[in-house]
Amino acid sequence: MNNIPSVDLADFLSEDPKRKQKFVNEIGKAYEEIGFVSLKNHFLSDELVEELYKEVKSFFDLPVEVKKKYEIEGLAGQRGYISFGKEHAKGKKEGDLKEFWHFGQEPAADANLTEEYPPNVHVEELKDFNHTGMEAYRMLEKTGIYVLRALALYIGLDEHYFDHWASNGNSILRPIHYPPITEEPKGAVRAGEHGDINLITLLMGASTGGLQVKRKDGEWIDAIPNEDELVINVGDMLERHTNNKLRSTIHRVVNPPKEQWGTPRYSIPFFMHPRSEMPLNCLEECIDAEHPKAYPDITAGEFLDQRLREIGLKK
């Protein structure tokens with residue numbers, strides 16, 4: 001396998017039980033094998049993607065002092081701007097060569113949440129920035145819920161098992177800017193090798209290459225989706241919840257060849273988090289004599305808090 005498998009959400013959404021089951025089998029097998037797929041026929045339109053990239057580039061082009069006023073102390077980077085080099089991969093000291101923004105959940109009035117999410121930070125200089133960001137957020141959340149429905153069926157759960165936990169969950173949309181590299185990085189890369197914290201991550205096609213995925217045999221392969229596909233991977237929460245049945249694969253964003261150092265890179269991942277009270281206890285359907293329970297019980301909120309401290313966003 002030299003690239004990640006491609007799957008078609010139209011199969012799952014069709015009224016043909018065979019096509020639906022085909023999607024369930026394909027995505028489940030891919031997530032057991034490599035933890036990544038590229039997905040076509042999601043809910044993001046080309047126009048919305050184009051509009052979002054335009055807004056994101058406009059934001060990162062603002063002067064540093066303007067961006068800095070949107071970096072809110074005490075939020076552990078949950079909303080607004082996070083400046084260059086602040087985040088690092090777990091176990092690394094060098095900050096990643098990136099700056100980014102966080103849009104968070106704006107829950108429905110009837111969400112019945114046990115927690116209060118911080119409000120989103122509004123950018124005064126760009127009138128369409130927040131509206132466009134949240135429109136994309138909704139479409140990615142909708143896509144993610146269908147992917148989780150397919151995975152619930154693959155595991156042997158009710159199709160709608162994840163619906164309550166993921167709807168109005170603590171998900172984050174993160175537009176990232178990797179600026180041009182101006183000098184030899186001292187041990188730093190655009191994003192150090194890591195696994196994601198959340199249930200699943202949905203990534204819009206990045207503006208340039210660089211995303212690499214680690215296969216089971218330790219080889220790194222480039223994750224190259226077609227232009228209209230999303231890259232979707234399993235996060236650590238889902239790996240833990242499925243007792244390692246579905247794999248949270250280590251991945252990284254490597255620095256480009258020296259002749260491309262002058263090119264910035266933009267990417268926009270959607271980190272799908274559940275409600276904080278969701279138990280991540282290993283599912284009984286994923287435990288047997290050959291696969292004994294691998295993790296102690298923990299909630300999604302407790303797990304997130306632990307990991308934010310490990311990557312330097314929370315003190």
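Residues are numbered from 1 along each chain as its sequence is written. Because the model is predicted, local features need pLDDT of at least 70 and side-chain atom pairs count only at pLDDT 80 or more, while totals for chains, interfaces and linings use all residues.

Most residues other than glycine have a negative phi.

Helices (H or I, at least four residues) and strands (E, at least two) are DSSP runs, numbered from the N terminus. Asn41 has a relative accessible area of 45% and is therefore partly exposed, whereas Asn243, at 5%, counts as buried. Buried means under 20% relative accessible area, exposed over 50%, and partly exposed in between (1.4 Å probe, protein chains only).

**The packing of α3 and α5**

Helix α5 spans residues 129-155 and packs with α3 at an angle of about 135°, their axes being 9 Å apart. Axes are lines fitted to C-alpha atoms, for helices over the stretch in contact, and angles run from 0 to 180 degrees between N-to-C directions. The two helices are therefore oblique to each other, a term for angles that are not under 35 degrees (roughly parallel), over 145 (roughly antiparallel) or 65 to 115 (roughly perpendicular).

In α3, the residues that meet α5 include Leu48, Leu52 and Phe59, and those of α5 include Phe129, Ala136 and Met139; contact means heavy atoms within 4.5 Å.

Notes:
Heavy atoms only, no water.
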